[in-house]
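Okay, thanks for coming, everyone. Let me put the model up and we'll walk through it together.

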Amino acid sequence: MSDVVTCLWGRAGWDRAAQGLLGAGRRLADELGGKLRTIVLGPADEALVTAAQAVADSVVIAEDETLAEYNPESYLAALTAACQKFAPRAVLLGNDAYGQELAPRLAHRLGGSAAGDAVELSVADGQLRVTRGVYGGKATAVIALMKSPGVIWVRARAMAPADAGAAGEVERVRLGIAADPRVKAIARHVEAKEGVRLEDAQLIVSGGRGLGGPEPFQKLQALATAMGAQMAASRAACDAGWVPASWQVGQTGKKVAPQLYLAIAISGASQHVMGIADSKVICAINRDPDAPIFKHCAFGLVEDYEKVVGPLAEKLSRHS
Ligand SMILES: Cc1cc2nc3c(=O)[nH]c(=O)nc-3n(C[C@H](O)[C@H](O)[C@H](O)COP(=O)(O)OP(=O)(O)OC[C@H]3O[C@@H](n4cnc5c(N)ncnc54)[C@H](O)[C@@H]3O)c2cc1C
């Protein structure tokens with residue numbers, strides 16, 4: 001029992017999370033000396049299948065109609081059935097809302113161990129080990145999974161993709177999953193897509209409660225446009241209704257991993273930092289020299305944002 005299963009959602013496509021997840025799965029399977037199988041739930045386009053095939057030893061696409069839309073009960077039943085069939089040593093899911101919802105329940109059904117928010121996976125003394133941040137990223141814990149399989153949700157966007165080189169088989173299966181009446185989607189709202197998804201953005205300009213209202217976000221928008229960046233915000237700014245809830249970054253918002261995260265008038269509460277910990281470089285502008293955000297950033301400016309944002313946007317637009 002040394003195989004690894006990775007779980008992909010067909011609708012999400014071949015995004016950075018899928019690439020990182022398969023990268024992590026490939027490396028773990030190689031370390032264990034086993035095969036990497038990828039299970040795809042929901043409609044999978046050709047681009048996703050071709051890309052997954054180039055990394056995994058096999059790609060199993062579940063074609064049941066009951067899996068066309070996400071339903072926790074049907075998805076759990078499908079993953080349980082597939083994992084019982086393949087008997088893997090480890091099952092990896094992304095650190096998205098579905099992965100977090102399904103992984104602990106899947107571990108229970110398979111009689112295995114669950115651990116989440118993994119930034120590193122390893123094998124030592126025959127044990128599967130997960131490295132994860134704890135206390136809002138202030139410390140790191142290494143957890144040994146004592147039961148098999150280890151069901152792990154990983155910070156997939158922070159994981160390096162694997163080189164394409166495999167020629168995995170593709171298998172289309174029907175798992176016989178019946179519709180589950182316990183949970184039913186009664187409405188669906190598709191978020192208007194503007195530019196790159198926040199989770200995939202390379203540059204992010206983010207504003208907090210210190211901006212004092214919705215209008216200053218327009219100044220931040222001018223800066224973001226000059227930089228070619230996406231906009232984000234703290235929960236306090238979203239809860240105040242200044243910007244859409246979809247901009248929220250953090251523990252209960254989106255987990256981002258840009259090259260540059262510019263936090264403006266954001267204090268740096270641990271719940272916010274949890275969502276930005278995978279950023280390559282964090283910069284902050286805050287007028288309080290003791291703001292916790294300065295402990296997490298590579299570059300910090302103690303200043304009133306009003307004195308900085310406008311001139312910086314103007315300077316950058318002149319050079320772009
Ligand atoms: C269970 C739970 C989950 C949570 N999840 C999230 C989450 O996902 N994301 C999240 O963001 N928060 C989350 N929070 C809330 C979090 O604890 C903080 O309350 C929130 O992040 C604070 O937002 P803020 O930094 O914008 O506001 P504040 O903490 O009020 O900070 C505002 C900052 O602006 C600075 N400032 C003020 N005026 C200026 C100026 N003119 N120029 C420059 N700087 C200025 C201040 O010095 C201050 O540091 C969660 C909380 C809980 C309990």
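I'll start with the sheet and then move to the helices.

Quick housekeeping: this is a predicted model, so local features need pLDDT of at least 70, side-chain atom pairs count only at pLDDT 80 or more, and totals for chains, interfaces and linings use all residues. Numbering starts from 1 along each chain as its sequence is written, and side-chain values use heavy atoms, with hydrogens and water left out.

So, the sheet: it's open, nine strands, mixed pairing, in the order S7-S6-S5-S8-S4-S1-S2-S3-S9. S7 (139–145) and S9 (169–173) are at the edges with a single partner strand each, so one side of each has no neighbour in the sheet. Strands here are DSSP E runs of at least two residues, helices H or I runs of at least four, numbered from the N terminus; pairing takes at least two DSSP bridges. S5 (113–124) and S6 (127–134), for instance, pair antiparallel over six bridges, with Glu120 opposite Thr131 in S6.

Now my favourite, H4, residues 97–110. At its start, a side-chain oxygen of Asp96 comes to within 3.1 Å of the backbone nitrogen of Tyr98; the polar-contact cut-off is 3.5 Å between N or O atoms. Which residues in H4 are buried? Gly99, Leu102, Ala103, Leu106, Ala107 and Leu110, buried being under 20% relative accessible area with a 1.4 Å probe, protein chains only. Those pack against S1, helix H3 (72–86), S4, S5 and S8, with contact meaning heavy atoms within 4.5 Å. After H4 comes Gly111, with a positive phi near 70 degrees.

Technical notes
The expected span of a helix is 1.5 Å times one less than its number of residues. Buried means under 20% relative accessible area, exposed over 50%, partly exposed in between (1.4 Å probe, protein chains only). A polar contact is a pair of N or O atoms within 3.5 Å; within protein, one must be able to donate a hydrogen and the other to accept it, and residues adjacent in sequence count only if both atoms are side-chain atoms.
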